[in-house]
Amino acid sequence: MNQRTAPVVESTVSFLTHGYAWLPDLRRHLGENTVQTRLAGRTATALHGPDAVRFFYDERHVVRRSALPAPVVDTLFGRGAVQALDGPEHRARKALFLTLLTGEAPVASLVERVGTEWDAASRAWAQQPAVELFRATSVVLTRAVCGWAGVPLPAEETVQTADDMVAMVDGFATAGPRHWHARRARIRQEKRFEELIRAEREAAERAAGRNGAGPQGSLVRAVALHRGAYGELLDEHTAAVEALNIVRPATAVAWYVVFAAHALHRWPQHRAPLRARDAAYAEAFAHEVRRFYPFVPFIVGLAARELHWEGVTVPEHSLVLLDVYGQNHDPALWPHPYAFDPARFLGRQPGRDELIPQGGGDPHGHRCPGEDVTVALLRSVSTRLAGMDYDVPRQDLAIPLRHVPTRPRSGLVVSVPPPHAAPPRARNRRPDW
Ligand code: HEM
């Protein structure tokens, strides 16, 4: 086949300055679907579209070991995490996450806990002049997720823990203070979770000694006792990293909650069907929030061997990127992609490899195992938000695309009136600016 020699330019600075727009702009500028560039001095080929998703998630083409730069591993994922495994080791580790996170029971029990925490917190918000919804939601989610996962959380550690979970996500793609904050957060939480893993193992041993029965219990205990592809227990550090791989991303749903609140503020017509408890609409709304708003810009792997895709030669061991943000805004897949329109998902389940905010392919591959949890939490919290009575004072709600991960600059400040403070109709109005 006649292979195209793709243009090669160094793009690291461009990514750091343009963020989410970098890859879609590069594709538009070069007029190609598949583009080749350089990131951090390495050849990087960016793939786009549902066929490319299937190509990318085939382990014969793309692997994960050593794909991620150290600054990302040392903040977002942690060393030894499932994200960087391949083959049988990945399958065995991934089975743990799928068992713990998918299916009706675990999802429903987390949704219930979050609902209880949300209702209690929103009553307290009415006692304060204003609340930053992003931060407040991260605290609600941390409390609920830690309870659900079996992570003890003393009241005086709640805010610090929530801030650490947020920091690990917030600081992975930048240089400077946010990045160093993320590293410190990871060191602190890994140490704490290692102690927890030790305690869980000791408790499991004591329980087995007492009555000979296998230990029952929490998600954290399941991680502590998980055995890998060769029957081995994870070392304490890796087990801590994987327990954090549940608590951290579940807290990160705060990004989507604040995006849902942003959507309800900008386009208040979506409140009524949510208030009416229209379950199909709530699901469609959750999918549209995940499609429309920017979170993951792209996913990174390494070419397992020399590859050929759409006329481009991908050198062995070079970087392969999957264009997540670009695909979720591709007009060929989503008519009027920059219109926020939950109706596009009514009466239609999103295609497995079309809607990819949490990765594509099969969940037994690297696709996010927390997708059901995320959609269920968004359904539930968006419905609660739509039913709440609050004002959105004047503030900077811009969502800068060069900032990865991004969110409304203000964190979305709301002011919740005490019950019966004013006629509800006067509230939730869109300001005139
Ligand atoms: C804010 C919502 C979330 C977003 C945007 C998100 C996004 C993603 C993405 C893009 C991936 C990588 C897919 C790939 O490498 O191909 C991923 C993987 C993963 N996610 Fe999520 N996720 C979210 C929520 C969750 C939740 C709630 C959990 C757990 C409770 C979770 C746990 C994981 C784990 C363990 C992996 C690694 C899977 C693997 O490498 O096999 N995520 N997620």
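Contact, in these legends, means heavy atoms within 4.5 Å. The model is a predicted one, in which local features need pLDDT of at least 70 and side-chain atom pairs count only at pLDDT 80 or more, while totals for chains, interfaces and linings use all residues. Residues are numbered from 1 along each chain as its sequence is written, and side-chain values use heavy atoms, with hydrogens and water left out.

**View 1. The surroundings of W125.** Not counting residues up to four places away in sequence, W125 touches W118, V131, L133, A136, V140, M388 and V416.

**View 2. The nonpolar cores.** A nonpolar core is a set of buried (under 20% relative accessible area, 1.4 Å probe, protein chains only) Ala, Val, Leu, Ile, Met, Phe, Trp, Tyr and Cys residues joined through side-chain atoms within 4.5 Å. The largest has 108 residues, of which W118, W125, L133, F193, V289 and L385 touch the most other members. Helix α11 (residues 236-266) gives the most to this core, with 20 residues. Another core, of 16 residues, lies apart from it and includes A52, I299, A303 and W309.

**View 3. The five-stranded sheet.** Helices (H or I, at least four residues) and strands (E, at least two) are DSSP runs, numbered from the N terminus, and two strands pair if DSSP finds at least two bridges between them. The sheet is open, with mixed pairing and the order β1-β2-β8-β5-β3. Because β1 (35-39) and β3 (62-63) stand at the edges with a single partner strand each, one side of each is left without a neighbour in the sheet. Strands β1 and β2 (residues 42-47) run antiparallel and are joined by five bridges, with V35 opposite A46 in β2.

Definitions and conventions: Buried means under 20% relative accessible area, exposed over 50%, partly exposed in between (1.4 Å probe, protein chains only).
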